[in-house]
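Work through the exercises below with the sequence and the model side by side.

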Amino acid sequence: RVRDSNVGAVFLGATGTGTTDFVLALRKMGIGLPVVGLSVTFTDINGLGQHVLGLAAASFLPSAKSKKYAVVRRYLAALEAAGSPKTTGLGLESYVNAHLMGEAIRRAGRDITREKLRGAIASTRNFEMGELNYGFSDASPFVAGSLVKMGVFDSEGVLRT
């Protein structure tokens, strides 16, 4: 359908191995359309191999390999302390999310309930992680950060923004 649709690009709002299979099938058919995804769309960099080159993704974080950011340096130090050398964008996103959730749990206090946790998350303002600052609004959409960048993967699977 993509081949016959005459579209100029494909936006994938998906995750998992299905995205890898989709991209590989497009490339096998010789379809070189730009493919754009979310920060969690292209998680199987190894499975994509050479076909990761040129894929684009929206990201709210810097590259997980960019040591110029304090949050990335802390993430890399945590990986090293855990004995895990694998650095990924999804790992950095999980690291930031875990810290945000930890802060919400701290703010919810003792005898935590679902309501207290939800209230603590919604009331989180100005939570800093290095040069990144997160804070939720009281109403929908409950967005924590306002920084969104588009990047393109290089031949090594690094998202360049």
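**Exercise 1.** Against which elements do the buried residues of α2 pack?

*Solution.* The model is a predicted one, in which local features need pLDDT of at least 70 and side-chain atom pairs count only at pLDDT 80 or more, while totals for chains, interfaces and linings use all residues. Residues are numbered from 1 along each chain as its sequence is written, and side-chain values use heavy atoms, with hydrogens and water left out.

Begin with the helix itself: α2 (residues 17-28) has 12 residues and reaches 16 Å from its first C-alpha to its last, close to the 16 Å expected at 1.5 Å a residue, where the expected span is 1.5 Å times one less than the number of residues. Helices here are DSSP runs of H or I with at least four residues, and strands are runs of E with at least two, numbered from the N terminus.

Next, pick out the buried positions, which are Thr19, Thr20, Val23, Leu26 and Arg27; buried means under 20% relative accessible area, exposed over 50%, and partly exposed in between, with a 1.4 Å probe and protein chains only. These residues cover an arc of only 130° around the axis, which puts them on the same side of α2, the arc being that of the directions from the helix axis to the C-beta atoms.

Finally, the partners of the buried residues of α2 are α1 (2-5), β1 (10-12), β2 (35-37) and α3 (45-48). The face of α2 turned away from its buried side carries the exposed residues Thr17 and Lys28.

**Exercise 2.** Describe how α4 and α5 pack, and classify the residues of their contact.

*Solution.* Helix α4 (residues 70-82) and helix α5 (residues 89-108) pack at an angle of about 100°, with their axes 10 Å apart. That makes α4 roughly perpendicular to α5, a term that covers angles of 65 to 115 degrees.

The contact (heavy atoms within 4.5 Å) involves Val71, Val72, Arg74, Tyr75 and Ala78 of α4, together with Gly91, Leu92, Tyr95 and Val96 of α5. By class, the residues of this contact divide into 7 nonpolar, 1 polar and 1 charged, with Ala, Val, Leu, Ile, Met, Phe, Trp, Tyr, Cys and Pro counted as nonpolar, Asp, Glu, Lys and Arg as charged, and the others, Gly among them, as polar.

**Exercise 3.** Where does Asp111 lie, and is Asp111 buried or exposed?

*Solution.* Asp111 sits in the loop between α5 and α6 (114-122), and has a positive phi of about 50° although it is not a glycine. Its relative accessibility is 67%, so Asp111 counts as exposed.

How values were computed:
Axes are lines fitted to C-alpha atoms, for helices over the stretch in contact, and angles run from 0 to 180 degrees between N-to-C directions. Angles under 35 degrees count as roughly parallel, over 145 as roughly antiparallel, 65 to 115 as roughly perpendicular and the rest as oblique.
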